Amino acid sequence: MMCTLILIGFVLAFVSPLLYRALGRAAGWVFALWPLITLILLLRAAPQIAAGAPVMDIVNWIPDLGVTLNFRVDGLGLLFACMIAGIGTLILIYTSAYMAGKPRLGRFYMYLILFMVSMVGTVTSDNLIMLYMFWELTGISSYLLIGFNHEEERSRDFALQALLITCGGGLAMLAGFVLMGATGGTFSVSGLLAAGPVLRESALYLPMLLLILLGAFTKSAQMPFHVWLPNAMVAPTPVSAYLHSSTMVKLGVFLLARFSPVLGGTPEWQGLITFFGALTMIGGAILALLQTDLKRILAYSTISVLGLLTMLIGVGSPAALTAMCLMLLAHAMYKGALFMVAGAVDHEAGTRNVLDLGGLGGKMPVVAVAAVLAGFSMAGIIPFFGFVAKEFFYESMLHSPVLAQGLSVLSVLASAVLACCAAMAAVGPFFGKNRETPKPAHNGPVGLWLGPIILAALGLVFGVVPNLAARYVLGPASSAITGVNEPLSLALWHGMTTPLLLSIATIVVAFIVFAALSRLRSAKRLSRDFRISFGANALYFKIIDGLFALAGIVARFFQNGYLRIYVMVMAAAGAVAIFY
């Protein structure tokens, strides 16, 4: 099943420019059929996967060489593939409205579908080399998407930044995969999942772990590799809503979750992942508060949640890993909706600056409803799924095997800031004083608000009936990581518990932080200067400038225009080659 679906997806990607010319504005709706059919087939297989029987698809590609294409969908792969296909369906529809009339739109569809198919391939591959190939295809296609407006220098620079950081980490990850395969005696992912003791007791465990962490941290924007994510907001909003909220940035989390059963449980794993996850959770939350652009607010808050998810994997208890699955799904729904809302506001009102927005609720009522519903889920307000996930998250932190009190306090502070960001992005632009905008705002075409309203409504439905997602998607995903094959039962209300008290404290702190926003923004210029002078972003550009300077020195030395030096160098190189 998976091999056929992925092959069809690749064919669709490469013929999409031609189909776009024939279909016109309806192209996005037609292209959305591929991820929709993929989602339906995955959900049909969900009962089998929940029963403990992963879906396998093995194709003999080059039988004489023993090369096969191995795909395997277990609970973890099902969760990620459903998010990729489900949100991808809505993004393609959203693109048809948001990008209508834009030049090179057929090419944009090709890049977007190529990315989508590569993502599905990554999370369902049962071979390390195949996983790496799909992983790098997501990096290449995201480079093309981020730099789609290539006539702008910023788009080119930031697309290259994302490519260098994520693909550089991917090369390190490949080296880690080679060590894993050599140590475990197989490159099969499912085979390696049974070789945990061999890998953990190997003398190569630490270099193997560090290399794989580099791949995961760069892809999921963990500090100090986080700088590419907010800079990637130069991409068109469909790219931000899909790549940088619900799919690509979570690949690092997927990688850690996938290999947690075999590489986890050691002090090195727990210490490194928990530390960098907690650092990213707090750092991303603080930086989100200093932003006034809707997309950058959502980008930095995404970094914070990626740190939260990573921290939960580092803690590694069954409760923490289950909480990671819940937070993963909740974040994909509300953040995908809010990014699309930000794009709709920018498209129809002509600005994304929260200081210039207000009173749009009466002009864009459907978009406002989607924003408020998604914002409530992001803030963790009952009865939304964000509340259910946050309750489980707090419970897992209270019983964490490491630093339970410290991590609980940090979690409440980060969640309070995220709730404040939800108010900034989902409430402020639509309520309060009416403000003049560059364009007269209105709801816009159906494709512009359909995706946000569906994702936001699902956040409410899964909150009211949480076991709807738990039985066939979240439960199997948790079991695939923890190895505990017990049915997952979720509830909206557990009584007056400690996690509920922490949720109340979160909202109180969020109100306090929101009231202090004006003072925080007054310090924005100072913080910006600090980041530019000493931050990771400045370090990246200094390294790039240094590489260009080194390339110039080397070029001037070897390409100096003197024929006799060229002949001498070639003769010397030939003599060395003959000697060895």
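## A guided tour of the model

Start by selecting L312, which lies in helix α15 (residues 294-315). This is a predicted model. L312 is buried, because its relative accessible area is 0%.

**Stop 1: the cavity**

The volume of the largest cavity is about 100 Å³. To see its lining, select L308, M327, Y334, S377, M378, A379, G380, G386, K390, S415 and L418. Which helices supply at least two residues each of this lining? They are α16 (318-349), α17 (365-379), α18 (385-398) and α19 (404-427). Helix α17 gives the largest share, 3 residues. Colour the lining by class: 6 residues are nonpolar, 4 are polar and 1 is charged.

**Stop 2: two loops beside these helices**

Stay in this region of the sequence. Select P383, in the loop between α17 and α18. The peptide bond that joins I382 to P383 is cis, with omega near 10 degrees. Then go to L403, in the loop between α18 and α19. L403 is not a glycine, yet its phi is positive, about 50 degrees. Most residues other than glycine have a negative phi, and most peptide bonds are trans. Is L403 buried or exposed? L403 counts as exposed, because its relative accessibility is 64%.

**Stop 3: the loop between α10 and α11**

Move to the loop between α10 (205-219) and α11 (228-231), where P224 is found. The bond from M223 to P224 is a cis peptide bond, with omega near 10 degrees. A221 is found in the loop between α10 and α11 too. Its phi is near 55 degrees, a positive value in a residue other than glycine. A221 has a relative accessible area of 0%, so A221 is buried.

**Stop 4: salt bridges**

Side chains of opposite charge can pair when their charged atoms come close. The structure holds 5 salt bridges. Select D74 and R258: their side chains meet in one, at 2.7 Å from N to O. This pair links distant parts of the chain, 184 residues apart. D74 sits in the loop between β2 (67-73) and α4 (75-98), and R258 in helix α13 (residues 251-263). D74 and R258 are both buried.

Now select R104 and E151. They form a salt bridge, with the closest N and O atoms 3.6 Å apart. R104 lies in the loop between α4 and α5 (105-124), and E151 in the loop between α6 (128-146) and α7 (153-184), so the pair ties together parts 47 residues apart in sequence. R104 counts as partly exposed, at 26% relative accessibility. E151 counts as exposed, at 51%.

One more pair: D346 and R352. Their salt bridge has its closest N and O atoms 3.3 Å apart. D346 counts as buried because its relative accessibility, 19%, is under 20%.

**Stop 5: a helix pair**

Finish with α6 and α7. Two packed helices are described by the angle between their axes and the distance between the axes. How do α6 and α7 pack, and at what angle? The angle is about 175 degrees, and the axes are 9 Å apart. The two helices are therefore roughly antiparallel to each other. Show the residues of the contact of α6 with α7: 19 are nonpolar, 5 polar and 1 charged.

Methods
Residues numbered from 1 in each chain as written. Predicted model: local features only at pLDDT ≥ 70, side-chain atom pairs only at ≥ 80, totals over all residues. Heavy atoms only, no water. Salt bridge = Lys/Arg side-chain N within 4 Å of Asp/Glu carboxyl O. Helix = DSSP H or I, 4+ residues; strand = E, 2+ residues; numbered from the N terminus. Buried < 20%, exposed > 50% of the residue type's maximum accessible area, 1.4 Å probe, protein only. Axes fitted to C-alpha atoms, helices over the stretch in contact; angles between N-to-C directions. Parallel < 35°, antiparallel > 145°, perpendicular 65-115°, else oblique. Nonpolar A, V, L, I, M, F, W, Y, C, P; charged D, E, K, R; others polar. 1 Å grid on protein atoms, 1.4 Å probe; cavity = no way out; pocket = protein on both sides within 12 Å on 5 of 7 lines; lining within 4 Å. Points joined across faces, edges and corners; volume = space filled by probe spheres on them.
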